[in-house]
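Here is a short report on a predicted model. It covers some strand pairing and the surroundings of the ligand.

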Amino acid sequence: DFSRAPVVIIGTGLAGYHLAKELRKLDQTTPLIMISADDGAHYSKPQLSTAFHKQRSPLQLVSNTAREMAETLNAQILTFTRVTAMDTASRVLTMRAGAHDQQLHYGKLVLAMGSDPVEIPMAGSAAGCAYSINDLQDFQRFYTGIAGARSVLVIGGGLIGCEYANDLIQAGFDVHVVEPQTQLLGSLIPPAAGDLVQNALTRAGVHFHLGTTVKNLDHAAGSVRVELADGSQLQVDRVISAIGVRPRVDLAQHAGVRTTRGIVTDRYLATSAEQVFALGDCADVDGHNLCYIAPLLAGARALAQTLAGSPTPVHYGNMPVSIKTTLCPVTVSPPPCNADGQWQYERSDSQGVIARFIASDGQLQGFALAGDACKQAPAFSEQTAPIMQ
Ligand code: FAD
């Protein structure tokens, strides 16, 4: 009898927990089970890349433990439990906790499994020693690992790499950034805005190595010797790899659920399998895989309605992203990928940049604001096309 079977959410990140909170506003009684490969602590992931400067320890970033969340949500939360297989015909999950396999029946299933850091192959004896910081446990490892260190190499000058460079330089570390493109944040903002961020971080002491890649990482007397593709060499104590994330799709894929970059859903967050939904970083919602908070909040609100019995499509309005490079903040509404159009500067000086992404039909499809121009974000957001028409 599927009608009495629980709603099961795989994942206790912001997607899983926001959905559970929204669902409990509408339905206090349906059995709710949440499963997490980690300790299930409730924390705000964006705070990971501002924690050093704010002197916040991993423990201080936890807002609630899994036990507290279970009580508030009237849910059962299975921690350190990894779902290893799902059978969408019989609606059964197989999961592993320690050395034990268990099975669990679901009535409705939500995949809120997040994304994995992208790893690039590197050569050298220290190649496996780069830290990727994509969740609280990664942050805990880095936090412990950086004790006593003075210098850090950040591989990747995208959103997360720039935020860590901004944070670590203000926390007193010597910071190097290597980025293959010739500008920072190149997939999000036009060159003048990237330059403004680079200048601010350079003034604060960050060393940039743009237009090149890391070739070798080798252990050298307690630190790491870095060889770049352009022939230059550096010596650093620790290395962070921040070259992007990739939705976790393996479980869905093995179960025959449709995936592209992420787990494919319609606007009801429904996947190709009956009563299986996807939300957050792992989901490709009607063609949009957006690994940010605002889309998962919109999705959680709509999906809670659907799970509670009122099918509700999600609508993505214009959702600008604030990049927390506090030395030179950026607010960007990136144009849709493959958008036909170009960036046009309205202002570009030493204090700020304003750029609009104008489509070939004249529509404003995105904008980038850097420095003191960020405060104009609300006005720009109002004029910009919604992500879902
Ligand atoms: P996650 O938080 O990754 O949660 C995934 C959950 O799934 C975890 O509980 C995991 O244990 C569980 N899981 C996965 N596989 C399994 C399995 N097989 N079995 C059981 N459990 C499993 N976005 C913004 O909008 N603004 C920002 O300022 C911002 N800053 C960021 C800074 C950093 C450093 C990072 C890394 C990201 C930032 N983001 C920001 C992105 C944003 O944090 C993410 O989009 C969001 O937190 C993703 O939430 P999620 O719940 O989808 O995934």
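## Strand pairing

Strands β22 (residues 321–323) and β23 run antiparallel and are joined by three bridges. Strands pair if DSSP finds at least two bridges between them. Strands are DSSP runs of E with at least two residues, and helices are runs of H or I with at least four; both are numbered from the N terminus. S322 has T331 in β23 as its bridge partner. Six residues separate β22 and β23, and the two form a hairpin.

β23 also runs antiparallel to strand β26 (residues 364–371), with four bridges between them. Here T331 stands opposite L369.

## Side chains and burial

In a regular strand, side chains alternate between the two faces of the sheet. Strand β23 covers residues 330–333. V330 and V332 point one way, T331 and S333 the other, and all are buried. Buried means under 20% relative accessible area, exposed over 50%, and partly exposed in between (1.4 Å probe, protein chains only).

L364 is found in β26. L364 is buried, at a relative accessible area of 9%. F380 is 16 residues from L364 along the chain, and their C-alpha atoms are 9.2 Å apart.

## Ligand shell

Which residues come nearest to the ligand? They are A15, V83, D281, I293 and K324, out of 33 residues around the ligand. A residue is near a molecule if one of its heavy atoms lies within 4 Å of it. The shell divides into 16 nonpolar, 10 polar and seven charged residues. Nonpolar means Ala, Val, Leu, Ile, Met, Phe, Trp, Tyr, Cys and Pro; charged means Asp, Glu, Lys and Arg; the others, Gly among them, are polar.

Helices α1 (14–26), α5 (159–170) and α8 (293–307) and strand β6 (81–87) each supply at least two shell residues. Domain 1 (2–54 + 63–116 + 246–307) and domain 2 (119–241) both contribute to the shell, so the ligand lies between them. The domain bounds come from an automatic or database assignment.

## Ligand contacts

A side-chain N or O atom of K45 is 3.0 Å from a ligand oxygen. A backbone N or O atom of V83 lies 2.9 Å from a ligand nitrogen. For I293, a backbone N or O atom lies 2.8 Å from a ligand oxygen. On its own the ligand has 1,000 Å² of accessible area (Shrake-Rupley method, 1.4 Å probe). The protein covers 92% of that area.

## Basis

Residues are numbered from 1 along each chain as its sequence is written, and side-chain values use heavy atoms, without hydrogens and water. In this predicted model, local features need pLDDT of at least 70 and side-chain atom pairs count only at pLDDT 80 or more, while totals for chains, interfaces and linings use all residues.

Terms used: Polar contact = N/O pair within 3.5 Å; in protein donor to acceptor, adjacent residues only side chain to side chain.
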